[in-house]
Amino acid sequence: MIENNHIGLWNRCLAMIRDNVPETIFKTWFEPIVPLMYQNKALTIGVPSQFFYEYLEEKFADLLRVTLNKEIGEGTQLMYRVLIDKTNGQTIDLVGTNRSGALPASTTITGGNIAPNPMQAPAPQDLDPHLNPNYNFENFIKGSSNEFSRTVGETVAKNPAKTFNPLFLYGPSGVGKTHLTNAIGTRIKELYPEKRVLYVSAHLLQVQYTDSVRTNNYNNFMKFYQNIDVLIVDDIQEFAGLTKTQNTFFHIFNHLHQNGKQLILTSDRAPMMLQGMEDRMLTRFKWGLVAEMEKPDVELRKNILRNKIRRDGLNIPENVIEYIAENTNESVRELEGIINSLLAQSILFKREIDMNLAERIVRKAVRNVNKPITIEGIISSVCSHFNLDESAVYTKTRKRDVVQVRQISMYLAKKHTDISASKIGQLIGNRDHATVLHACKIIKDLIEVDKSFKSEIEDIESSFKHK
C-alpha cells in the first residue's frame, strides 16, 4: 500500500534523485522544493519562482518522471505550486509535462525533451521551433563578457545567412549560450515568420539519427533537416568521437550552407580545442564567426541578480546582492539557483532574506567560496610550481624561465580575475597592456599544442583555487 504522507513520498524521491545528479545540482534545484500534498495520484510540490519551474521541466523532466513512477507508482502526476508574488504570497498551480499519456504522432521523446519527428517534415507554420520564449534579447543582460556575442547575435537575427554563417558560440556552461541562441531564433521568427527555425541539442539530433537508421527512415531524417532555414545546434561538442553522426551532420551542414541557410552552433570550447572531431568539420565551424562567451564579471553578476529580483518581485537588500555577486563566479545558472534557494528558505522558515541567510546558502551552493583569487596569490603559486623566487618576476631580466613565469602569471590573472590587462601589466613587472595580451596569446597557444604544458597549468590552477 502506497503511503499517503506527501513528505515521506517526496523524501523517497529525493533519495533516488540525489543518486543521479551532482551534489551541487541537488542542493540548488531539489533541496529548495517543498512537498505540499499527495492525492488522487498527484504529488504537488512548491517551487519558489516561475524560472525554477521552467528549469526543472526543461532539464529534469525525464528524471522526475522515472523517479515518481518508481517510488510512488506508475501514472503519478506531478503538480507545481509556483510563487509568483512574494509580497502578497500569490501562487499559481501548473501541471507538469504529460509523463504518462501517449505523445502525438508528430513527436518523439528522449531525455525529457519533446522534439519534432523528422519523418513528418511539417509546413513552416506547423513546425515547432522548440525555442524558449523566456530566453530573448530583452532579458539578456549585457556586460563586457557577452557584449560582442550579443551584438553579433542581433546582426545574424536581422539578416540570417547574410552575415556570419555559421555563427559558432563557445564558453563554459552557464554563461548564456543557450539564452542567446534562443533569443536569435525567436527574433528571426518575429522578423521572418515564414522561415523554418529549429533549436535542437546535439544529443537529441544524434538520437534521432540513430533511430532513423534503426527504423530505415534515414532518407526522411535527412530530408527534414535539409529543409530547415535556421538550424541551431546546442552543445556540438557531444558529436566528438561519433564518426557516423559527424558524417551525417557534415552533409546536413554542407547542404544548408550551400543553399543559403543559417547555422548557429554552441560548444563548451573553441573549435581548435574539440578533440575527436573530424578536421573537415572543424574547418567548417570556422567558416563564419567564432565568438567566445566568458564567465560574467562582478558588475554583470550584480545586474543579472537585480534583474531576476525585479522580475520575481522580490525584496533583497543591496548588500546581499553584492555579497552573492562577489562570492559566485561559476555561471548565470548558479546565480539563479542561489536566489531560488534564498526564496525557498525564506518561505520555509518565515524569515526575511538577510546577510546571514545569504552566507549560509552561498556556502552550501558554491564550490569555491574561499577568498577571491588575487594576482599576488597567482604569482606565488606559479613561482612555487617552478621553484622560482617571487622577486624575480618584478625585475627587468629577460631570462627565459623568468619570462615564462611572468607570462603564465599574466595569463592566469586575465583568466581568473576581473582586473584589466593594463592593471595586470602594472602589477606584474610593470609591463604595458600589449605585453599582457601578447603573453596571454603565447600561453594559450602553448596549452593548445603541448599536453604536458597544459597539465602543468592545470596543476597550478588547482593549487591556488584551493588555498
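User: At what N to O distance do the side chains of Asp62 and Arg65 meet in a salt bridge?

Analyst: Residues are numbered from 1 along each chain as its sequence is written, and side-chain values use heavy atoms, leaving out hydrogens and water. A salt bridge takes a side-chain nitrogen of Lys or Arg within 4 Å of a carboxyl oxygen of Asp or Glu. For Asp62 and Arg65, the N to O value is 2.4 Å.

User: Which helix holds Asp62 and Arg65, about one helical turn apart?

Analyst: Helices here are DSSP runs of H or I with at least four residues, strands are E runs of at least two, and both are numbered from the N terminus. Asp62 has a relative accessible area of 24% and Arg65 has 27%, so both count as partly exposed, the class between buried (under 20%) and exposed (over 50%), using a 1.4 Å probe and protein chains only. The two sit three residues apart, and that puts about one helical turn between them, in helix α3.

User: Glu71 meets Lys70 in a salt bridge, but is Glu71 buried or exposed?

Analyst: The N to O distance for this pair is 3.8 Å. Lys70 is exposed, at 60% relative accessible area. Glu71, at 17% relative accessibility, counts as buried.

User: Which residues do salt bridges that share partners join into one network?

Analyst: The structure has 15 salt bridges. In one of them, the side chains of Arg18 and Glu23 come together at 2.4 Å, N to O; Arg18 is partly exposed at 36%, and Glu23 is too, at 34%. Shared partners make one network of Arg18, Glu23, Lys27 and Glu31.

User: How many nonpolar residues are there in the contact of α6 with α7?

Analyst: Helix α6 (202–214) and helix α7 (218–226) pack at about 145° with axes 7 Å apart; the axes are lines fitted to C-alpha atoms over the stretch in contact, and angles run from 0 to 180 degrees between N-to-C directions. Contact means heavy atoms within 4.5 Å, and here Leu205, Gln208, Tyr209, Ser212 and Val213 in α6 meet Tyr218, Phe221 and Tyr225 in α7. Ala, Val, Leu, Ile, Met, Phe, Trp, Tyr, Cys and Pro count as nonpolar, Asp, Glu, Lys and Arg as charged, and the others, Gly among them, as polar. None of the residues is charged and two are polar, while the nonpolar ones number six.

User: Which residues is Gln206 in contact with, leaving aside its neighbours within four places in sequence?

Analyst: Gln206 is found in α6. At 18% relative accessibility, Gln206 counts as buried. Its contacts beyond those neighbours are Phe239, Leu242 and Thr245.

User: Which strands are at the edge of the open sheet?

Analyst: The sheet has five strands in the order β8-β9-β10-β7-β11, with parallel pairing; two strands pair if DSSP finds at least two bridges between them. From one strand to the next, the twist averages 15°. The strands that pair on one side only are β8 and β11.

User: In β11, what is the bridge partner of Tyr170?

Analyst: Strand β7 (167–170) runs parallel to β11, joined by four bridges. Tyr170 has as its partner Glu292.

User: What separation do the C-alpha atoms of Ile184 and Val152 have?

Analyst: Ile184 lies in helix α5 (177–191) and is buried, at 0% relative accessibility. Its contacts beyond four places in sequence include Gly153, Val156 and Ile264. Ile184 and Val152 are 32 residues apart along the chain, and their C-alpha atoms are separated by 9.7 Å.

User: Over which residues does pLDDT stay under 50?

Analyst: The chain's mean pLDDT is 80, with 85% of its residues at 70 or more. Where pLDDT is low, predicted coordinates should not be read in detail. The stretch under 50, for which the model has 41 contacts beyond four places in sequence, is residues 99–116.

Terms used
pLDDT = per-residue confidence, 0-100.
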